[in-house]
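Try each task yourself before reading its solution.

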Amino acid sequence: MSAHCQLTGARPGFGNTISHSHRRTSRRFDPNIQRKRYWLPSEGRYVRLTLSARAIKAVDVIGVEAAVARIRARGVKV
């Protein structure tokens, strides 16, 4: 599964792990991505979305219809 959110567009960040001896090793900060299934009443079907934990909370606030509209406005197929 690719580590990006369909709603917010959150993608991995990159940086360094710094050890006790101060050696730097590259690392990746992945967003907390979950696959969640929502019922879409307007289409009479379920949609499976790949969302970050923060986006799941946003869907609870704005509703699944508005969230799917925003995802489609970004050009992502649902």
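**Exercise 1.** Which residues does serine 52 touch, not counting residues up to four places away in sequence?

*Solution.* Before starting, note that this is a predicted model, in which local features need pLDDT of at least 70, side-chain atom pairs count only at pLDDT 80 or more, and totals for chains, interfaces and linings use all residues. Residues are numbered from 1 along each chain as its sequence is written, and side-chain values use heavy atoms, with hydrogens and water left out.

Step 1: find serine 52 in strand E4. Helices (H or I, at least four residues) and strands (E, at least two) are DSSP runs, numbered from the N terminus.

Step 2: look for contacts, meaning heavy atoms within 4.5 Å. Serine 52 touches Cys5, Thr8, Asn32 and Ile33, leaving aside residues up to four places away in sequence.

Step 3: check the burial. Serine 52 has a relative accessible area of 6%, so it is buried; the cut-offs are under 20% for buried, over 50% for exposed and partly exposed in between (1.4 Å probe, protein chains only).

**Exercise 2.** Describe the overall fold and dimensions of the protein chain.

*Solution.* Step 1: list the elements. There are two helices and four strands, and along the sequence they follow the pattern β-β-β-β-α-α.

Step 1: judge the spread. The protein chain is more spread out than a compact globule, because its radius of gyration is 16 Å, well over the 12 Å that the globule rule gives for 78 residues. The radius is taken over C-alpha atoms, and the rule is 2.2 Å times the number of residues to the power 0.38.

Step 2: Taken along the principal axes, the C-alpha atoms fill roughly 60 × 20 × 20 Å.

Step 3: Of the 78 residues, 26% count as buried.

**Exercise 3.** Which residues have the most contacts inside the largest nonpolar core?

*Solution.* Step 1: define the core as a set of buried Ala, Val, Leu, Ile, Met, Phe, Trp, Tyr and Cys residues joined through side-chain atoms within 4.5 Å.

Step 1: the largest such core has 15 residues, and Leu7, Tyr38, Leu51 and Val59 have the most contacts inside it.

Step 2: trace the suppliers. At least two residues each come from strand E3 (33–40), strand E4 (45–52), helix H1 (53–62) and helix H2 (64–73). H2 gives the most, with four residues.

Step 3: zoom in on tyrosine 38. Not counting residues up to four places away in sequence, tyrosine 38 touches Arg45, Tyr46, Val47, Leu49, Leu51, Ile56, Val59 and Val64.

**Exercise 4.** What is the phi of histidine 22?

*Solution.* Step 1: locate histidine 22 in the loop between strand E1 (13–18) and strand E2 (24–29).

Step 1: read the angle. Histidine 22 has a positive phi of about 70°, although it is not a glycine.

Step 2: Most residues other than glycine have a negative phi.
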